[in-house]
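Notebook open. I want to go through the contact between the two chains, then look up one residue.

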Protein chains: 2
Amino acid sequence: MSRSRENYHHGQLREALITAADEILHESGIEGFSLRKAAARAGVSPGAPAHHFKSVTGLLTAVAVLTLDELSERMRAVSTDLPLAAQVRELASVYVRYSMEYPGRLQVTYRRAIVDRSDPEFMRSSGEAFGQFFASAARYHGVPHPSRESASQMHPQLLLDYATVQGMALTAVEGNWRFIVSHDDPQGDFLRRILPMLVEARWPDKPAA
Amino acid sequence: MSRSRENYHHGQLREALITAADEILHESGIEGFSLRKAAARAGVSPGAPAHHFKSVTGLLTAVAVLTLDELSERMRAVSTDLPLAAQVRELASVYVRYSMEYPGRLQVTYRRAIVDRSDPEFMRSSGEAFGQFFASAARYHGVPHPSRESASQMHPQLLLDYATVQGMALTAVEGNWRFIVSHDDPQGDFLRRILPMLVEARWPDKPAA
């Protein structure tokens with residue numbers, strides 16, 4: 001551990017810790033994570049994270065927010081010129097592909113008791129990421145667009161869409177598509193062959209009105 | 001720790017360790033699990049599990065097999081007199097309800113690197129549990145019934161069914177239906193109101209041929 005690295009400017013240590021956490025999660029998944037390891041990788045003393053994050057939950061919540069914000073950004077990059085069915089398929093695929101790229105991050109945003117889900121930033125970023133998907137999916141199904149206020153009355157097809165997206169992503173991240181994918185290149189085979197089949201089965205093209 | 005409890009008959013210690021592991025998982029989830037804790041709860045020395053299970057993976061694989069066998073049993077109890085759509089909805093619901101009853105067990109069978117998925121008993125029990133579901137779902141969709149040999153060519157609708165069931169269960173177990181369920185009684189509200197809506201949206205009744 002280099003002493004000089006203790007001299008972070010205000011804000012930089014926070015960033016450095018988030019980056020360190022993200023790298024550890026990327027390499028080892030959530031099972032390999034600890035606040036101590038994050039501090040070591042950021043080059044600061046084991047107690048340093050406490051200045052910025054009250055707990056491991058605080059740090060992981062920051063990673064979750066970063067994750068969801070990146071997801072939103074990738075979703076915003078999906079062309080709105082695509083036909084609606086293709087748009088929904090692409091938004092769902094973006095989520096699954098991102099999850100496979102950063103399995104540790106998905107686990108952080110997903111697993112119970114790891115992040116503080118009542119954190120305002122978490123709620124904002126989570127609402128933004130899934131809001132984009134739900135907005136397109138509602139138009140696809142021709143059902144009411146859910147708002148934060150009407151969430152408890154969300155249309156069953158949108159709830160099913162949510163379950164489907166999470167099921168595809170979590171099954172991919174935990175390696176549970178093994179029974180269908182090629183053993184030589186499971187990830188590549190899933191992305192090229194299975195994922196397009198799944199999203200096409202759930203959101204097929206609709207005949208023009 | 002009681003010395004007398006070290007005197008298990010052959011086979012009994014194995015059972016006692018599985019039971020202990022199951023109880024710890026039920027109470028604390030996978031994050032709270034260790035081989036040492038399982039040994040302590042079974043009342044044996046920390047090294048005792050090694051006689052029966054080479055590793056924590058060996059013990060958790062046994063828990064996964066027990067889980068999948070219990071699931072199969074509950075699925076076999078679903079009446080075949082039900083109309084086909086209702087049968088599929090009920091098989092899917094059995095899986096989700098069982099997962100919510102034993103969240104630790106679901107995590108064990110589901111998470112990467114926790115169990116030995118190439119273990120012959122795991123493959124058998126997993127094939128049996130999902131085989132029942134896939135058989136009914138294939139009849140529901142009117143698509144070929146998948147066999148172990150034809151698994152790599154499984155029909156997209158069946159893969160989608162699998163993603164849906166896993167997504168519903170994992171989202172429930174990790175508490176991620178929060179945005180839709182009542183805060184007073186999230187589990188009860190999910191089971192009574194949301195789960196029936198989800199399975200009805202995925203597997204609606206079909207008009208009689």
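Predicted model: local features only at pLDDT ≥ 70, side-chain atom pairs only at ≥ 80, totals over all residues.

Entry: I looked for salt bridges between chain A and chain B and got a count of 0. Polar contacts are another matter: I have 10 residue pairs between chain A and chain B, both residues at pLDDT 80 or more.

**Entry: what chain A brings.** I asked which helices of chain A each supply at least two residues to the side that touches chain B. They are α8 (156-173) and α9 (186-202). α8(A) gives the most, with 13 residues. Sorting that side of chain A by class, I get 19 nonpolar, 9 polar and 8 charged residues.

**Entry: extent.** I find 36 residues of chain A in contact with 36 residues of chain B. The buried area between the two chains comes to about 3,300 Å², and carbon and sulfur atoms give 60% of it. On the chain A side, I noted R112(A), L159(A) and F179(A) as the residues that lose the most area to chain B, together 17% of what that side buries.

**Entry: D189(A).** I then picked a residue in helix α9 of chain A, D189(A). Is D189(A) buried or exposed? It counts as buried because its relative accessibility is 12%, and the cut-off for buried is under 20%. Leaving aside neighbours within four places in sequence, I have D189(A) in contact with I180(A), V181(A), S182(A) and I194(A).

Note on methods:
Residues numbered from 1 in each chain as written. Chains lettered and ligands numbered in written order. Heavy atoms only, no water. Contact = heavy atoms within 4.5 Å. Buried area = accessible area lost by both parts, 1.4 Å probe. Salt bridge = Lys/Arg side-chain N within 4 Å of Asp/Glu carboxyl O. Polar contact = N/O pair within 3.5 Å; in protein donor to acceptor, adjacent residues only side chain to side chain. Helix = DSSP H or I, 4+ residues; strand = E, 2+ residues; numbered from the N terminus. Nonpolar A, V, L, I, M, F, W, Y, C, P; charged D, E, K, R; others polar. Buried < 20%, exposed > 50% of the residue type's maximum accessible area, 1.4 Å probe, protein only.
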